[in-house]
Each structure stands twice: as C-alpha cells, then as structure tokens.
Amino acid sequence: MEASDPNLTHPIKLSVVIPCYNHGEFILEAIASVESCQAKVYEILIINDGSTDPLTQKVLQALSDRGYPVIHQENQGLAIARNHGISLAKGRYILPLDSDNKIRPNYITKAIEILDDRPEVGVVYGNFEFFGGVTGIKEVPEFDINRIVRGNYIDACAVFRKTVWEDAGGYDGKIPEQLGYEDWDFWLSVAEKGWHFYHTDEVLFDYRLRSNSMVSRCNIPEKRWELFRYISTKHIGLYQTNFAHIFANVEYDHLVERDKREALEAKLEEIQLELDLERSEFRDRLVQLTETQNSLKYCESELQETKNKLEATEAELKKLETNYQLLKSEKEAIALKQKQTEANLQGEIARSQNEFSSQIQQAQAQWQSQIAAVEEIKNQQQNQLAQTEANLTQSQAELQRLTLELHQAQEMIQAMQTSKFWQLRTSWFKIKQALGLAKT
C-alpha cells in the first residue's frame with residue numbers, strides 16, 4: 001500500500017481520518033479498502049490515540065516508515081482523536097473511518113459528486129453490511145429529525161464537509177466517561193445548524209461487529225440513561241421544537257409495541273398449548289426413542305462386530321491383493337522367461353534339427369557303406385560255407401576210411417596181442433620149468 005500524494009491532475013478533495021486505539025490487527029484492511037478507490041483524490045490521516053498494544057505500535061511504525069501520515073497523541077478518546085485528524089485535514093470533505101471497518105471502492109467518488117452538485121447538503125450517508133460476528137445488510141432510513149432525536153441511526157462512517165464540522169463545533173470530547181454516542185451528538189449539532197442530510201440507498205461500507213465494541217457499553221441501562229440525559233440536555237432546543245412529534249411518536253410506538261406484545265402473548269398462549277401437547281407427544285416419543293436407542297445400541301454392537309470382521313476381511317483382502325501382485329509379477333517373470341526359453345528352445349531345436357539331419361545323412365552313408373560291407377562279408381561267408389561243406393563232406397569220407405582202418409588195426413592188434421600172450425605164456429612156462437619152479 002502507498003500513501004496518496006496530491007498532484008495537479010488529482011488534488012486532494014477528501015480526507016479519510018482513521019483513529020486507531022489498539023486495532024493493529026484490523027487497520028491494514030481499513031487502509032486497503034480506502035486505496036481500492038481508483039481516483040487518487042483523497043488523503044489518509046491515521047491518529048494513534050495512545051495505543052499500548054505492541055502489535056498496533058509495530059504496525060503503525062511500519063505504516064509511518066512507508067510514508068503514511070501517522071499522528072500520535074495521548075489516549076484522549078475517539079472524539080478528540082477525530083477532531084485532531086480533521087483539524088489537520090487538507091480535503092474539503094471528511095470521511096471518518098473506524099480502524100476496524102472498511103469502505104466500498106465507489107464511496108469516496110460518489111460522495112464527492114453529491115457534495116459538489118448539492119451545496120445545501122452537508123452530510124452524505126448510505127447503507128452498510130455487517131461482517132465479523134454477524135452478517136447481513138443494514139438498510140438505513142432517510143433522514144428524519146423527529147426520528148433521529150429519539151436515537152441515532154446514522155453511523156460515523158459518513159462523508160461531510162469540513163465546514164459542517166467547524167459549524168457544529170466538532171465532536172464532543174466531554175461526553176460522560178467517553179461512553180460513546182459522539183456520532184449521534186454530532187449529527188444533532190449538524191441538524192441544529194440547518195445542514196441537509198443525503199441518503200443514498202446502496203451499501204457504501206462494511207461494519208465489523210465485535211462483542212467488546214463501544215456500542216456494547218452504551219447499552220448498559222445506567223450508562224444509556226446518563227448518555228440520553230446528557231445529549232437531550234445539550235440539544236434541548238431540538239427537543240423543545242419537536243416535542244409534540246417526539247411525544248406522539250413515543251405514544252404511537254408504545255401502542256404499537258403494546259399491540260405487538262398482546263399479539264405475542266396470545267401467540268405465546270397458543271404456542272404454550274401446542275407445547276404442552278408436543279410435550280405429551282414428546283414423552284411418548286421419548287419412550288419410543290429409548291426403545292429405539294436400545295435397538296440402536298444392539299445394532300451398533302452388531303455393526304461394530306461387522307466392522308471388525310470387515311476390517312479383518314479388508315486386511316486379508318489387502319494381503320491377498322499383495323500376494324496376487326507378487327504372483328502376478330512372478331507370473332509375468334515366468335512368462336517372460338518362458339518366452340525366452342521357447343525362443344532359445346526353438347533355436348536349439350532348429351540347430352539340433354540341422355545337426356540331426358546332417359548326422360542322419362552321415363549315418364545313412366555309413367549304413368549304406370556298412371550294408372555293402374555286410375553283403376561282401378555275407379558273400380565271402382557263403383563262399384567259405386560252401387567250401388567248408390565241401391571240405392566237411394571230404395573229411396567225413398576220410399573219417400569213415402580212417403575209422404575202418406582203425407577198426408582193422410584194432411582187430412589186428414587184438415589178434416597180435418592174443419598171439420603174443422600165448423607166446424609169452426609159453427615162454428614163461430618154459431623159463432619156470434627151466435628154473436625148476438614149475439609144478440607138474
């Protein structure tokens with residue numbers, strides 16, 4: 001963000017005065033919302049109302065280092081902080097912006113256009129939108145003096161002429177205990193001076209609603225009584241002039257509220273009867289609910305058991321999926337290996353077929369050669385067999401002859417042995433006789 005500098009083309013026409021007391025966490029958003037205005041016809045003045053929060057002090061110092069005008073003062077309250085900033089403002093028009101709120105991009109240029117065209121108008125205000133704790137658009141009514149004397153409805157985030165501020169005497173810094181309602185007091189002072197208020201029916205800024213804001217303090221009954229007494233006394237002329245309207249409006253509002261209260265009471269009785277009936281039905285439903293809860297507990301027990309089984313099944317399924325992935329990987333590896341093996345086997349088969357074919361051819365050649373050799377051996381054996389048979393026939397004839405001759409020789413030997421025996425016997429006896437050994 002950069003500070004807005006005046007120049008010849010875009011002179012400063014409006015000053016945005018941002019009092020800050022310990023709102024360092026919000027003020028950057030407020031400044032950013034101002035700088036969303038494309039026409040650089042404004043300046044930003046930051047009034048540090050004696051902030052003690054370290055974060056706020058750090059943020060304000062950073063803004064000062066970047067060229068933003070940061071005016072420091074002791075803590076004196078919102079009214080004096082605004083007055084201080086407005087007194088230093090260069091613009092003809094003033095836009096007070098609380099440090100925790102934001103404006104819309106067209107707010108500045110629209111307000112300048114209205115104030116430039118309507119010199120009788122002293123204040124321009126519009127609708128706003130809540131953010132933070134509550135959301136929704138707040139539609140603000142047209143200006144009515146008889147209405148505003150009874151309570152404020154115009155927020156401080158309105159654009160007014162600096163001369164209006166001077167005529168009204170600025171914001172009242174003497175409001176009891178600095179409880180607030182400076183805006184309401186200021187608008188009453190402006191009205192007393194005869195300035196007109198202009199309401200534009202569109203959202204011009206965003207209002208942050210916080211539980212610890214100054215507005216919450218104003219709603220304490222004792223504090224609110226003190227504030228109303230102070231403001232009505234200060235502007236007694238307005239109240240005297242408009243007393244009839246104020247009194248009539250108060251009575252009218254009282255009757256309207258009474259009618260509303262009576263209608264609400266009747267509606268309350270009707271609701272009470274319906275409530276009693278519903279309570280009776282509720283008791284019956286409660287019994288049914290108890291039974292249902294018992295059934296539900298049983299179902300929950302069953303469900304938990306089923307859930308446990310499901311978890312176990314899911315764990316087993318996950319395990320099976322893991323195993324499946326492993327098996328799938330192994331299958332893919334085996335398939336790849338099988339393809340490689342088939343390719344190798346086909347190559348081996350082709351090579352083996354070539355080798356086997358060559359071996360067969362060689363075996364056939366050898367077989368043919370061996371057949372020829374066998375045929376030759378067979379022929380030789382047949383010739384030898386024929387020769388052997390012829391020799392055998394001849395041998396048999398020779399054997400028969402030799403057998404016959406042997407037989408004849410045996411007979412001859414036998415005859416000779418017999419003849420010799422007798423010769424020897426005869427000789428033996430003769431010898432014995434000669435020796436005198438033979439018996440007669």
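Which residues in helix α7 are buried? In this predicted model, they are Glu182, Asp183, Trp184, Asp185, Phe186, Trp187, Leu188, Ser189, Val190 and Ala191.

**View 1. Helix α7 and the residue Gly194 that follows it.** Helix α7 spans residues 182–192. Because 10 of its 11 residues are buried, helix α7 is largely enclosed by the rest of the structure. Gly194, after the helix, has a positive phi near 90°.

**View 2. Pairing of strand β4 with strands β1 and β8.** Strand β1 (residues 14–20) runs parallel to β4, and 4 bridges link the two. Within this pairing, Val17 has Pro96 of β4 as its bridge partner. Strand β8 (residues 159–161) is antiparallel to β4 and is joined to it by 2 bridges. Here the bridge partner of Tyr93 is Arg161 in β8.

**View 3. Contact between helices α1 and α2.** The axes of α1 (residues 27–34) and α2 (residues 54–65) come within 11 Å and cross at roughly 35°. From α1, Ile27, Leu28 and Ile31 meet Val59, Leu60 and Leu63 of α2. The residues of this contact comprise 6 nonpolar, no polar and no charged. In an α-helix there are 3.6 residues a turn, so residues three or four places apart point the same way.

Terms used:
Residues numbered from 1 in each chain as written. Predicted model: local features only at pLDDT ≥ 70, side-chain atom pairs only at ≥ 80, totals over all residues. Heavy atoms only, no water. Pairing = 2+ DSSP bridges. Axes fitted to C-alpha atoms, helices over the stretch in contact; angles between N-to-C directions. Contact = heavy atoms within 4.5 Å. Nonpolar A, V, L, I, M, F, W, Y, C, P; charged D, E, K, R; others polar. Buried < 20%, exposed > 50% of the residue type's maximum accessible area, 1.4 Å probe, protein only.
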